[in-house]
Amino acid sequence: MSELTLTLLRLGLLVALWFFVFAVVGVLRGDLYGTRVTARTVRRKESSGPIPGAAAPAPTPPPVARGGIFGGRRSSGPRKIVVTEGPLAGTSLPLRSTGTLIGRSPECALVLDDDYASGRHARIHEVDGAWLVEDLGSTNGTFVDNRRITSPTPLQIGTALRIGRTVVELQR
């Protein structure tokens, strides 16, 4: 083999080695620092009260009565999620029957700044008038009344739902 061929082979091996080192550093950095959670100040302001100078929101029409365990009367069921413990204590969000995502990801309705919460940790949704919480494969688990849940679990008004250091509950 010529000296030029050996030099090019060595240079190619060195480039491949550095590429591998940078790939490993990138993976480790992503694991150590996780997904960057962006602040959503507009949503937090809306959830904690009206924004000064903003137009008042249009009144919502009364909900359509449906059957279910609440006897078709939606007004007697929970209407919002309230954070009772944790960094976001006092925050409240309206419940959506299609589902409310909770986790660290910016796509969630309730974004938790909690090291023990997964990106998409749990979902609260309505099925036939009953509100259910579902763990979405989180690492540290979702707890209802200090019991770890493994399947969709019904929630009642005032039931403590713990995700990491954050505790939320359904309220009227």
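**Contacts, strands and salt bridges**

Tutor: Leaving aside residues up to four places away in sequence, Thr166 touches Val83, Glu85, Gly86, Pro87, Leu112, Asp114 and Leu161, where contact means heavy atoms within 4.5 Å. This is a predicted model, in which local features need pLDDT of at least 70 and side-chain atom pairs count only at pLDDT 80 or more, while totals for chains, interfaces and linings use all residues. Residues are numbered from 1 along each chain as its sequence is written, and side-chain values use heavy atoms, with hydrogens and water left out.

Student: Is Thr166 buried or exposed?

Tutor: Thr166 lies in strand β11; strands (E, at least two residues) are DSSP runs numbered from the N terminus. Buried means under 20% relative accessible area, exposed over 50%, and partly exposed in between, with a 1.4 Å probe and protein chains only. Thr166 has 4% relative accessibility, so it counts as buried.

Student: With which residue does Asp114 meet in a salt bridge?

Tutor: A salt bridge is a side-chain nitrogen of Lys or Arg within 4 Å of a carboxyl oxygen of Asp or Glu. Here the N to O distance is 3.8 Å, and the partner of Asp114 is Arg165. Asp114 lies in the loop between β4 and β5 and Arg165 in the loop between β10 and β11, so the pair ties together parts 51 residues apart in sequence.

Student: Which residue of β11 is the bridge partner of Glu85?

Tutor: Two strands pair if DSSP finds at least two bridges between them. β1 and strand β11 (residues 166-171) pair in the antiparallel sense over five bridges. In β11, the partner of Glu85 is Val167.

Student: Which residue in β4 stands opposite Ile102?

Tutor: Thr100 and Ile102 point one way from strand β3 (residues 100-103), Leu101 and Gly103 point the other way, and all are buried. β3 pairs with β5 in the antiparallel sense over three bridges, and Ile102 stands opposite Ala122 in β5. With strand β4 (residues 110-111), β3 pairs in the parallel sense over two bridges. In β4, the residue opposite Ile102 is Leu110.

Student: What is the phi of Asn146?

Tutor: Most residues other than glycine have a negative phi. Asn146 lies in the loop between β7 (143-144) and β8 (147-148), and it counts as exposed at 67% relative accessibility. Although Asn146 is not a glycine, its phi is positive, at about 65°.

Key. Helices (H or I, at least four residues) and strands (E, at least two) are DSSP runs, numbered from the N terminus.
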